[in-house]
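Colleague: Hello! I am new to this structure and would like to learn how to read its features. Could you walk me through it?

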Amino acid sequence: MSQRLAELAATTDLAADPVGFASDPWWLILFKAVLVFAFCVVMTLFAIWWERKVVAWMQMRIGPKHVGPQGLLQSLADGVKLAFKEDIIVKAADKPVYILAPVVSMVPAFMAFAVIPMGGQVSMFGHQTHLQLTDLPVGVLYILATASVGIYGIVLAGWSSGSTYPLLGSLRSTAQMISYEVAMGLSFAGVFLYSGSMSTSTIVGQQGDTWFAVLLPVSFIIYIVAMVGETNRAPFDLPEAEGELVGGFHTEYSSLKFALFFLAEYVNMVVVSSLATTLFLGGYRAPWPITAVWDGANSGWWTLLWYFLKVQLFLFLFIWLRGTLPRLRYDQFMRLGWKVLIPTSLVWLMLIATVRAMKNEGYDYRGIVLGIAGAIIAILVLSVVWDMFRGTDDEEEKAKAAQPPPGAPGAAEPFDPMAGGFPVPPLPGQELPPVPRRAVRRAEPVGAMVGNGNGTGSADDESATDATDKEV
Amino acid sequence: MNLYAPILALGGIAAAFGVVSLVAGALTGPKRYNRAKLEAYECGIEPTPQPAGGGRFPVKYYLTAMLFIIFDIEIVFLYPWAVYFDSLGIFGLVEMALFIATVFVAYAYLWRRGGLEWD
Amino acid sequence: MTAGLAAATVAAADLSGRGGPGFLSPTGAEVAFVLIGLVVLGSALLVVTTSQIVHAALWLVVTLGGLAAEYLLLTAEFIAWVQVLIYIGAVVVLLLFGLMLTRAPIGRSTELDSLKRWPAVLVAVGATATLLTVVVDAFHSAYLDLGKTDDGSARVTGESLFRVWVLPFEVLSVLLLAALIGAIVLSRGRADADGKGR
């Protein structure tokens, strides 16, 4: 116990050089780094198998079962298979960027893991060391920064492919990730307010009595939603909405380059799950009923077990969501991010700040609670009323939209496939206007089209620019 | 600075892994040249040629990025404020409330102008 | 602008080599500082010389990342990561969005080679000289003890920001307000005039 106190004291923000983090010899640093890397890769392989298995059970299927016991080696086999596939670099690609993009999206995902506390202090080859690679005083900001660098992998992959749909997909997922990064960042602020530090190990240390998930339920929920959006997972997996965008930003990638994007996605999942564990669920500390009966639960290597179980909990949540919820539409998704999550977290942050300031000034606790509860109820009521009015508006709009457009089949309004800003197929009853390039194609011999024929290319280009110009 | 040595080590390992897999993918895979394979796949039908200007996209992406910068800056100010909050007291609360309120005006304006509507 | 920044950085690097004790036996940190400064300078030059517009943005990322590393070496940990989060994670993303909104062709764009090369060089040299003079004048006697490392922590930053620099902080919020409203007006003015309202 006294040892843990010392450890706590050593890792506070003010201590310039937390004992135990900077004192590792170089070989131990390297060993731990390799361990963390291996952990991430193994977790990826495991999570892919686990996801396929759980989703299969949820859908009354069996899932992978042939490779290894219970199909456990399936994802490894998939990885090896990808390695033996042809590495295609499409002709239109910007080569250096195209090759760099998978690495750019993968490396930050791994680097974010460096400040995740996976356990307490243990003895490794006779050295006392933490089950955490390093501890920065600005740890959580560091994770946020690495996440924002990871976005480049997606932007560059989409742009450098030299193909329209991947570019659209990458723009979309970038807009999605930056939107949810804001909500995520705002939900952290409440944690910092309570812990007085941005260092992950101190934040875990501060949750000795109560988890921040209990103290800051709203922050916790916002973080959960934001973390699913940030990792592009269902129900927010719009970047890979097959019906709209084919594969999204990685459509033109093959072989191990494609595998690296996959790796990045799953490592990101493990990182955000670990961060949720660290910030809100007491990190590597044992949950309450266990600590009550067993004193040793929070010491040594046992801490790794608690960390692992909590991360598994979040990974299961990811899979559960995927197995349960349909994908959101893009506008619904952006509305949720910008109009619900961000204002809510700002209001919530000012609320807890007010409570904390008043408590620090020594006001009566009960009065504050009553006042806050009143304010919350008032806001809730207001929002419900607002929603009701909005609801009627929406329904009216829907009713308007539902009025059958093909009432006058034919000429009332010529069908414009680019009217909504992106091409859509005609509804029953609507008819596509004659496309100029189709006439051209019929007129020309077939061979002219195949070799990227310049004869028709210019006409194509022009019509396409016209359409896009109109849209902007 | 010793605190950053592990980060460099981990980043180095990850980057080495990435480079090795890029090289391995190029070496282990078969190479069977076919002109059709090198065309963009896009969505399975004949690809839309990228327009001469490089293509245009709804300006809303730009607004989203702009709003993102504004809120990111706000977040960056919120963090030291939250860490130092207990020593600032009511004064700090009022300071930040003013700041957030001003930024919120911009946010509300964007909302009213329909900048947050996606179709 | 970036060239100027880089020059300022190199100037600062010079200072840390010359101004502090131990000019003849530079520490590892000082050597790293100068080396990263050179990387920053090189990538800044590439930003202005490359003829592929998206590559220029990417070299800008390298430049800004190098500056973040310099901040780290000067123990301004908080600022360093803010630099990564804001400049690399937000500003250049906005830049890329802006490029892709208008045009971001793969390959060289010949119209990027301006004919007014000499006036540009003149302006750049002038800006660099001004910055150098200002930086050297302001900091020629400054000395930072790198051993005392909590100067750049979030707590110290918060203290000086919210106790000493309150007014600039509040004024900044107005700046942000103006920036966003400017962006809205710029991007939506024409659409509204067309009656599209999107």
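Modeller: Gladly! Let us begin with what a contact is: two residues are in contact if their C-beta atoms, placed from the backbone, lie within 7 Å. Please keep in mind that this is a predicted model.

Colleague: Thanks. Which residues of α2(A) meet α1(B)?

Modeller: On the α2(A) side they are A:Ile29, A:Leu30, A:Lys32, A:Ala33, A:Val34, A:Val36 and A:Phe37. Their partners in α1(B) are B:Ala5, B:Pro6, B:Ala9, B:Leu10, B:Ile13 and B:Ala14. Sorted by class, this contact has twelve nonpolar residues, one charged residue and no polar ones.

Colleague: And how do I read the way two helices cross? At what angle do the axes of α2(A) and α1(B) cross?

Modeller: Angles are taken between N-to-C directions. Here the axis of α2(A) and that of α1(B), which spans residues 5-28 of chain B, cross at roughly 50° and come within 9 Å.

Colleague: Why are α2(A) and α1(B) called oblique?

Modeller: Under 35 degrees counts as roughly parallel, and 65 to 115 as roughly perpendicular. The angle here is roughly 50°, and α2(A) and α1(B) are therefore oblique to each other. As for handedness, α2(A) passes α1(B) in a right-handed crossing.

Colleague: Let me step back to whole chains. How many residues of chain A are in contact with chain B?

Modeller: On this scale we count residues on each side: 82 of chain A are in contact with 63 of chain B. Helices of chain A that each supply at least two residues to that side include α2 (26-58), α6 (164-195) and α18 (454-471). The largest share, 14 residues, comes from α14(A). By class, the side of chain A that touches chain B has 49 nonpolar, 18 polar and 15 charged residues.

Colleague: What about chain B and chain C? How many residues does each give to their contact?

Modeller: Chain B gives 38 residues and chain C gives 39. The chain B side divides into 28 nonpolar, six polar and four charged residues.

Colleague: What is chain B built from?

Modeller: Chain B has three helices and zero strands, and its pattern along the sequence reads α-α-α. Of its 119 residues, 43% count as buried.

Terms used. Residues are numbered from 1 along each chain as its sequence is written. Chains are lettered from A and ligands numbered from 1 in the order in which they are written. This is a predicted model: local features need pLDDT of at least 70, side-chain atom pairs count only at pLDDT 80 or more; totals for chains, interfaces and linings use all residues. Helices (H or I, at least four residues) and strands (E, at least two) are DSSP runs, numbered from the N terminus. Ala, Val, Leu, Ile, Met, Phe, Trp, Tyr, Cys and Pro count as nonpolar, Asp, Glu, Lys and Arg as charged, and the others, Gly among them, as polar. Axes are lines fitted to C-alpha atoms, for helices over the stretch in contact, and angles run from 0 to 180 degrees between N-to-C directions. Angles under 35 degrees count as roughly parallel, over 145 as roughly antiparallel, 65 to 115 as roughly perpendicular and the rest as oblique. A crossing is left-handed if the near helix is turned anticlockwise from the far one by less than a right angle, and right-handed if clockwise. A residue is buried if 20 or more other C-beta atoms lie within 10 Å of its own, exposed if 12 or fewer, and partly exposed in between; C-beta atoms are placed from the backbone.
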